[in-house]
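Look at the sequence and the 3D view first, then read on.

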Amino acid sequence: IDYIILNKTDPIIDFLKQQHIPYTVTSFPDYSHTPEVVKFIYDHLVHNKTDIVHTHWIAGSYTGMQAAYYAQVPVRIFTREHPSIQFAEGVLTLLGDQYLREKLANNAFLSVQQYDIKNHIKQLENFYIQELKKENLDK
C-alpha cells in the first residue's frame with residue numbers, strides 16, 4: 001500500500017509518516033495541470049505494478065482514475081466524501097461522477113461522510129483482497 005498525495009500540505013502526510021506508510025507527494029495547483037499529474041501518477045502506477053487504485057475527492061479521482069485506466073490497473077475505485085449537490089460545482093460534479101463511474105472506475109462507487117482513518121484502511125484492505133480474488137478467478 002502506498003499513497004500519492006496531490007497537496008504538499010495535506011494533513012494526512014503526518015499520519016502516513018507516523019504509520020510508516022509509503023507515500024509520494026506532487027503538486028496539483030489547478031486543473032490546467034491535469035495532463036502532467038495524470039502522467040506522474042501513471043508512471044508511478046506502472047513502475048510499482050499497482051493492482052488497486054482507490055481515489056478520493058474530485059481532483060484525485062479525475063487524475064487517479066485516468067492514470068489507473070491508462071495503466072490498466074485491474075481494480076479502480078473512487079470515493080466521494082461529500083454530496084455533490086451541496087456545492088457550487090454541483091451539476092458539473094455530478095456529470096464528473098457519472099463519467100468516473102461509467103468510463104474509468106470498474107468497481108464500487110463508495111460514499112463516505114466521516115470515518116476513522118485506521119478503521120477505513122483496514123476495511124479497504126479487506127475489500128481489496130476480495131476484489132483481487134475476484135479478478136484472479138475471472139482470468
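Q: What should the 14 residues of helix H3 span, and how far apart are its end C-alpha atoms?
A: Helix H3 covers residues 57–70. The expected span is 1.5 Å times one less than the number of residues. For H3 that rule gives 20 Å, and the end C-alpha atoms agree, as they lie apart by 20 Å.

Q: What kind of model is this?
A: Residues are numbered from 1 along each chain as its sequence is written, and side-chain values use heavy atoms, leaving out hydrogens and water. Local features need pLDDT of at least 70, side-chain atom pairs count only at pLDDT 80 or more, and totals for chains, interfaces and linings use all residues, since the model is predicted.

Q: What pattern does the protein chain follow along the sequence?
A: The chain has five helices and five strands. These are DSSP runs numbered from the N terminus (helices H or I, at least four residues; strands E, at least two). Read along the sequence, the pattern is β-α-β-α-β-α-β-α-β-α.

Q: What share of the protein chain is buried?
A: Buried means under 20% relative accessible area, exposed over 50%, and partly exposed in between (1.4 Å probe, protein chains only). The chain has 139 residues. The buried share is 37%.

Q: Which residues of H3 are buried?
A: The list includes both glycines and alanines.

Q: How are H2 and H3 oriented to each other?
A: Helix H2 takes in residues 34–48, and its axis lies 8 Å from that of H3, at an angle of about 50°. Axes are lines fitted to C-alpha atoms over the stretch in contact, with angles from 0 to 180 degrees between N-to-C directions. Under 35 degrees is roughly parallel, over 145 roughly antiparallel, 65 to 115 roughly perpendicular, the rest oblique. H2 and H3 are therefore oblique.

Q: Is the crossing of H2 and H3 left-handed or right-handed?
A: A crossing is left-handed if the near helix is turned anticlockwise from the far one by less than a right angle, and right-handed if clockwise. For H2 and H3, the crossing is right-handed.

Q: Which residues make the contact of H2 with H3?
A: Contact means heavy atoms within 4.5 Å. H2 brings Thr34, Val37, Val38, Ile41, Tyr42 and Leu45. H3 brings Thr63, Gly64, Gln66, Ala67, Ala68 and Tyr70.

Q: How many residues of each class does that contact hold?
A: Ala, Val, Leu, Ile, Met, Phe, Trp, Tyr, Cys and Pro count as nonpolar, Asp, Glu, Lys and Arg as charged, and the others, Gly among them, as polar. The contact of H2 with H3 has no charged residues, four polar and eight nonpolar.

Q: Which residues does alanine 68 contact, leaving aside neighbours within four places in sequence?
A: Alanine 68 is in helix H3. At 0% relative accessibility, alanine 68 counts as buried. Its C-alpha is 8.9 Å from that of valine 46, 22 residues apart in sequence. Its contacts are Leu45, Val53, Val73 and Arg76.

Q: What positive phi does histidine 20 have?
A: Histidine 20 sits in the loop between helix H1 (12–18) and strand S2 (23–25). With a relative accessible area of 70%, histidine 20 is exposed. It is not a glycine, yet its phi is positive at about 55°.

Q: What separates the C-alpha atoms of isoleucine 21 and isoleucine 1?
A: Isoleucine 21 lies in the loop between H1 and S2. Isoleucine 21 counts as buried, at 14% relative accessibility. Isoleucine 1 is 20 residues away along the chain, and the C-alpha separation is 7.3 Å.

Q: Which residues does threonine 50 touch, not counting those up to four places away in sequence?
A: Threonine 50 is in the loop between H2 and strand S3 (52–56). Its relative accessible area is 18%, so threonine 50 is buried. It touches His44, Leu45, Val73 and Pro74.

Q: How far apart in space are isoleucine 4 and isoleucine 41?
A: Isoleucine 4 lies in strand S1 (residues 3–5) and is partly exposed, at 24% relative accessibility. Beyond four places in sequence, it contacts Thr24, Phe40, Ile41 and His44. Isoleucine 4 and isoleucine 41 are 37 residues apart in sequence, and C-alpha to C-alpha they are apart by 7.6 Å.
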